[in-house]
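Have the model open and follow along.

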Amino acid sequence: MDKNDALHLIKQEFEKNLKDGLLNLQVKWLIDQAETLQIIANRWIEIESNGTKEEADDFYTFVQDTLSSNS
């Protein structure tokens with residue numbers, strides 16, 4: 001199981017608990033933050049693996065856009 005699978009499993013269990021009435025906004029906030037960070041990390045790994053210099057230069061903008069769209 002990789003990091004993406006683990007995060008997905010945690011989110012599924014949380015959503016199941018939400019449906020069962022076990023609302024925990026702090027856990028939801030943590031899951032949302034972890035998903036946002038995973039998007040950023042995946043993009044950086046993609047750039048390191050086979051990206052261009054321009055993509056690396058634009059990474060800061062990608063991070064800012066991702067953080068602002070997920071807040």
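Let's begin with a charged pair: E15 and K11 meet through their side chains in a salt bridge, at 4.0 Å from N to O. This is a predicted model, so please read each distance as a computed value. Both residues sit in helix 1 (residues 3-19), and because they are four residues apart there, about one helical turn separates E15 from K11. In general, side chains of opposite charge can pair when their charged atoms come close. The count of salt bridges comes to five.

Next comes R43, which has its place in helix 2. The side chains of R43 and E46 are joined by a polar contact of 2.7 Å. The two pairs can be set out together:

| Side-chain pair | Kind | Distance |
|---|---|---|
| E15 and K11 | salt bridge | 4.0 Å |
| R43 and E46 | polar contact | 2.7 Å |

Leaving aside neighbours within four places in sequence, R43 is also in contact with E55, F59 and F62.

Helix 2 (residues 25-50) packs with helix 4 (residues 59-69) at an angle of about 160 degrees, and their axes lie 10 Å apart. Because angles over 145 degrees count as roughly antiparallel, helix 2 is roughly antiparallel to helix 4. Their crossing is right-handed. On the helix 2 side, the residues in contact are T36, I39, I40, R43, W44 and I47, and they meet F59, F62, V63, T66 and L67 of helix 4. What is the make-up of this contact by residue type? Eight of its residues are nonpolar, two are polar and one is charged.

Conventions. Residues are numbered from 1 along each chain as its sequence is written. This is a predicted model: local features need pLDDT of at least 70, side-chain atom pairs count only at pLDDT 80 or more; totals for chains, interfaces and linings use all residues. Side-chain values use heavy atoms; hydrogens and water are left out. Axes are lines fitted to C-alpha atoms, for helices over the stretch in contact, and angles run from 0 to 180 degrees between N-to-C directions. Helices (H or I, at least four residues) and strands (E, at least two) are DSSP runs, numbered from the N terminus. Angles under 35 degrees count as roughly parallel, over 145 as roughly antiparallel, 65 to 115 as roughly perpendicular and the rest as oblique. A crossing is left-handed if the near helix is turned anticlockwise from the far one by less than a right angle, and right-handed if clockwise. Contact means heavy atoms within 4.5 Å. Ala, Val, Leu, Ile, Met, Phe, Trp, Tyr, Cys and Pro count as nonpolar, Asp, Glu, Lys and Arg as charged, and the others, Gly among them, as polar. A polar contact is a pair of N or O atoms within 3.5 Å; within protein, one must be able to donate a hydrogen and the other to accept it, and residues adjacent in sequence count only if both atoms are side-chain atoms.
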